[in-house]
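I opened this notebook to keep a record of what I looked up, one topic at a time. The sequence and the structure come before the entries.

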Amino acid sequence: MKNSRRQFIKNTALTGIILPSIIKEFPEVKNSESKVIQYPITIATWNNKKAIQAAWSILKAEGDALDAVQAGAMVPEADPEDTSVGYGGFPDRDGDVTLDASIMDHKGNAGAVMYLEGIKHPIAVARMVMEKTPHVFLAGSGAKQFALENGFIEENLLTEKAKQAWENWKLNSKYEPKINSERHDTIGILAQDSKGNIAGACSTSGLAFKMKGRVGDSPIIGAGLYVDNEVGAATATGLGEAVVKKVGAFSIVEMMRTGMSPQMACEAAVKRLLSMPNHKDLQVGYIAINNLGQYGGFSLQPGFQFYLIQKGKAKLVESKSYFKNK
Ligand code: SD4
């Protein structure tokens, strides 16, 4: 009995037939959903237009998805105006900028750094962890040492603007970091290149004024980012603690494996957050692509956006959300 059920699920996943329970929940989706190939594509959380343009310039030249997502993530990492990623990111409550990043390629390889200080491009270090070490995660001083030994230079990442924001926050410093439920710019970026290969990257300075040592979802493989070339990829932004508890990105990829579209899977993953007692006060946004280059995105609260270029066409999408009003 168990075996035949397993076989049924396996067969339906392989043939792309949508399970009846899924059709009930999402009546608008039929088995005849388009199977037309929609890649190359690259898509990122928030209005990360310049990042997507950098990624697209690589895809357009028939480059690899992995190079595209790295190039994309490096744009906000270097931007002092972006206060959620890399250089210019808001510090923790002690005034230190600590960075988290992860990357995955189409072969299922993964690398990540967390609690990394003084290095402007954590995504490049994460890729080096993936390609040059037998490990997946390097943290804190070990991650920094590895970066310095591999040619990265130490820099002060705290800009005047970020320092000022921290000084202002200290005036009433409530030691309870709160997520801004409207706009914050952590970059999660996904790409599928002209060969059909999929890669993803995620980079952030985490929650502003977080507790010292706090690590979010972005460097956690399966939470902030997950790629499976056979199925697709997903990435997250928002309150990392919620994403980690629900293993957000992995759950989206696994739902797509059962035949759900990227949009359906993102919506279903957001609905899983409703079991959390504090779900009304937190924001999470997910984006995903499947192996046909179809995309989707959904958030808990309104205000989430994502940016993409698909087959040369650029688009800023105001994401649909579970809650409609702020
Ligand atoms: C974190 N998910 O560290 C990140 C924060 C984020 O835009 O997405 N900010 O929890």
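**Entry 1: confidence.** I began with the confidence values, as this is a predicted model, and I found that the protein averages a pLDDT of 90, with 86% of the residues scoring at least 70. I then marked residues 1-16, where the pLDDT is below 50 and where the model has five contacts beyond near neighbours in sequence. I also marked residues 27-32, again with a pLDDT below 50, and for this stretch I noted seven contacts beyond near neighbours in sequence.

In helix 3, which covers residues 49-60, I picked out S57. Is S57 buried, partly exposed or exposed? Its relative accessibility is 40%, so it counts as partly exposed, between the limits of 20% and 50%. A polar atom of the S57 side chain lies 2.8 Å from the backbone oxygen of A54. I also looked up S57 and G72, which are 15 residues apart along the chain, and found their C-alpha atoms separated by 9.8 Å.

**Entry 2: two helices together.** Two packed helices are described by the angle between their axes and by the distance between those axes. For helix 4 (residues 65-78) and helix 5 (residues 122-132) I recorded an angle of about 145° and axes 8 Å apart. On the side of helix 4 the contact is made by L66, D67, Q70, A73, M74 and E77, and on the side of helix 5 by P122, I123, A124, R127, M130 and E131. Sorting this contact by class, I listed seven nonpolar, one polar and four charged residues.

Entry 3: I moved on to strand 9 and asked how many of its residues are buried. The count is seven of seven, and both faces are covered, with V284, Y286, A288 and N290 on one side and G285, I287 and I289 on the other. Strand 8 (residues 232-238) runs antiparallel to strand 9 and is joined to it by seven bridges, and in this pair T235 stands opposite I287. Strand 10 (residues 295-299) also pairs with strand 9 in the antiparallel sense, over five bridges, and here I found A288 opposite G296. The hairpin of strand 9 and strand 10 has four residues between the strands, and in it G293 takes a positive phi near 85°.

**Entry 4: from G293 to Q310.** I returned to G293 because its backbone oxygen is reached by the side chain of Q310, at 2.8 Å. Q310 lies in strand 11, and its relative accessibility of 17% is under the 20% limit, so I counted it as buried. Apart from residues up to four places away in sequence, Q310 touches Q38, P40, I41, W56, G293, Q294 and Y295.

**Entry 5: two loop residues.** Finally I looked up S218, found in the loop between strand 6 (198-204) and strand 7 (225-228). S218 is buried, with a relative accessible area of 3%, and its contacts, leaving aside neighbours within four places in sequence, include D100, S102, T186 and C202. L282 lies in the loop between helix 10 (262-271) and strand 9, and at 1% relative accessibility it counts as buried.

Conventions:
Residues numbered from 1 in each chain as written. Predicted model: local features only at pLDDT ≥ 70, side-chain atom pairs only at ≥ 80, totals over all residues. Heavy atoms only, no water. pLDDT = per-residue confidence, 0-100. Contact = heavy atoms within 4.5 Å. Buried < 20%, exposed > 50% of the residue type's maximum accessible area, 1.4 Å probe, protein only. Polar contact = N/O pair within 3.5 Å; in protein donor to acceptor, adjacent residues only side chain to side chain. Pairing = 2+ DSSP bridges. Axes fitted to C-alpha atoms, helices over the stretch in contact; angles between N-to-C directions. Nonpolar A, V, L, I, M, F, W, Y, C, P; charged D, E, K, R; others polar.
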